There are 2 protein chains.
Amino acid sequence: MTRNQLASFYQGYIDCLNRQAWDQLGEFVHPQVTHNAKPVGLAGYRGMLERDFREIPDLVFHIQLLIADPPNIASRLDFNVTPRGEFFGLPINGRKVKFAENVFYECVDGKISRVWSVIDTAAIAQQLGGD
Amino acid sequence: MTRNQLASFYQGYIDCLNRQAWDQLGEFVHPQVTHNAKPVGLAGYRGMLERDFREIPDLVFHIQLLIADPPNIASRLDFNVTPRGEFFGLPINGRKVKFAENVFYECVDGKISRVWSVIDTAAIAQQLGGD
């Protein structure tokens with residue numbers, strides 16, 4: 001894929017997540033996908049995302065910055081959401097929080113195969129502490 | 001800058017940090033640099049880095065994954081270091097910890113102008129909890 005094709009592919013992936021179109025997830029995610037070096041596979045990856053949407057009913061993925069350099073992608077996602085209960089061990093309980101995720105992807109055979117994600121949980125803790 | 005020039009420029013920047021060659025930092029970092037949306041400027045940015053080296057005497061920046069898409073760069077840095085005291089509010093006190101930083105840069109006029117960094121503090125907390 002060229003740089004622009006890879007960027008379009010990634011936007012399609014994010015759109016798939018936001019539509020919760022789980023039956024289409026396999027068009028974007030490799031069967032042997034790893035997440036932070038843990039082999040989760042497509043079913044495990046889907047399970048993680050489904051859980052995220054259960055715990056955060058108003059979850060929307062929004063790309064702030066997209067950097068594509070085939071076969072790799074980096075994306076800064078920003079969230080402005082209302083988790084139900086605990087989130088990363090922090091007691092959110094229905095408050096609105098803003099935070100970012102800086103995430104890297106490596107594609108193999110045209111699909112997301114390795115994901116390295118870091119979520120800014122320190123920013124969330126700071127927002128709770130400021131209440 | 002082309003993709004390859006930008007990647008070389010970034011490797012030069014990381015080398016500058018590892019040599020603590022603070023007098024050369026202005027060759028890589030814009031005078032009006034921002035860090036996580038906070039305007040710190042070159043002097044403030046240098047101050048942050050100098051403090052990092054004081055608090056972590058064995059600090060080395062190592063690029064695990066570099067994604068260059070002019071004028072943007074994304075880098076996953078991995079650290080295997082021994083902070084002296086507290087680090088992100090966590091009591092490290094000379095233990096060795098491994099963690100990653102996923103960081104994005106935007107260049108303006110050929111220099112790093114905006115930095116969005118997320119450090120995996122959750123991984124550090126987990127290593128302390130596991131002792």
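In the hairpin formed by strand 7 and strand 8 of chain A, two residues lie between the strands, and A:D109 adopts a positive phi near 55 degrees. Helices (H or I, at least four residues) and strands (E, at least two) are here DSSP runs numbered from the N terminus, and two strands pair if DSSP finds at least two bridges between them. The model is a predicted one, in which local features need pLDDT of at least 70, side-chain atom pairs count only at pLDDT 80 or more, and totals for chains, interfaces and linings use all residues. Residues are numbered from 1 along each chain as its sequence is written, while chains are lettered from A and ligands numbered from 1 in the order in which they are written.

Confidence comes first. Chain A has a mean pLDDT (the predictor's confidence in each residue, from 0 to 100) of 94, and 98% of its residues reach 70 or more. For the complex, the predictor gives an ipTM of 0.91 and a pTM of 0.93.

Next, the overall build of chain A. It contains three helices and eight strands, which follow one another from the N terminus as α-β-β-α-β-β-β-β-β-β-α. Its radius of gyration, taken over C-alpha atoms, is 15 Å, close to the 14 Å that the globule rule gives for 131 residues, so chain A is as compact as a globular protein of that length; the rule is 2.2 Å times the number of residues to the power 0.38. Along the principal axes, the C-alpha atoms of chain A fill a box of roughly 45 × 25 × 25 Å.

Six strands make up an open sheet with the order 2-1-8-7-4-3 and mixed pairing. Its edges are strand 2 (38-39) and strand 3 (63-69) of chain A, each of which pairs on one side only. Strand 1 (residues 29-35) and strand 8 (residues 111-119) of chain A run parallel and are joined by three bridges, and A:H35 stands opposite A:V115 of strand 8. On the other hand, strand 7 (residues 97-108) pairs with strand 8 of chain A in the antiparallel sense over eight bridges. Within strand 8 of chain A, A:S117 is the bridge partner of A:V103, and A:R114 is that of A:E106. Strand 4 of chain A is joined to strand 7 of chain A by 10 bridges, again with the strands antiparallel; here A:N80 stands opposite A:K98 of strand 7.

Helix 1 (residues 3-18) of chain A lies across strand 3, strand 4 (72-81) and strand 8 of chain A, and runs at about 140 degrees to strand 3 of chain A. Axes are lines fitted to C-alpha atoms, for helices over the stretch in contact, and angles run from 0 to 180 degrees between N-to-C directions. Residues are in contact if their C-beta atoms, placed from the backbone, lie within 7 Å.

Strand 7 and strand 8 of chain B run antiparallel, joined by eight bridges, with B:C107 opposite B:I112 of strand 8.

In the interface, 18 residues of chain B are in contact with 18 residues of chain A. Strand 3 (63-69), strand 4 (72-81), strand 7 (97-108), strand 8 (111-119) and helix 3 (121-129) of chain B each supply at least two residues of the side that touches chain A. By class, this side of chain B has 11 nonpolar, three polar and four charged residues; Ala, Val, Leu, Ile, Met, Phe, Trp, Tyr, Cys and Pro count as nonpolar, Asp, Glu, Lys and Arg as charged, and the others, Gly among them, as polar. Of the interface residues of chain B, 100% are also interface residues in chain A, so the copies meet through the same surface.

Notes
Two residues are in contact if their C-beta atoms, placed from the backbone, lie within 7 Å.
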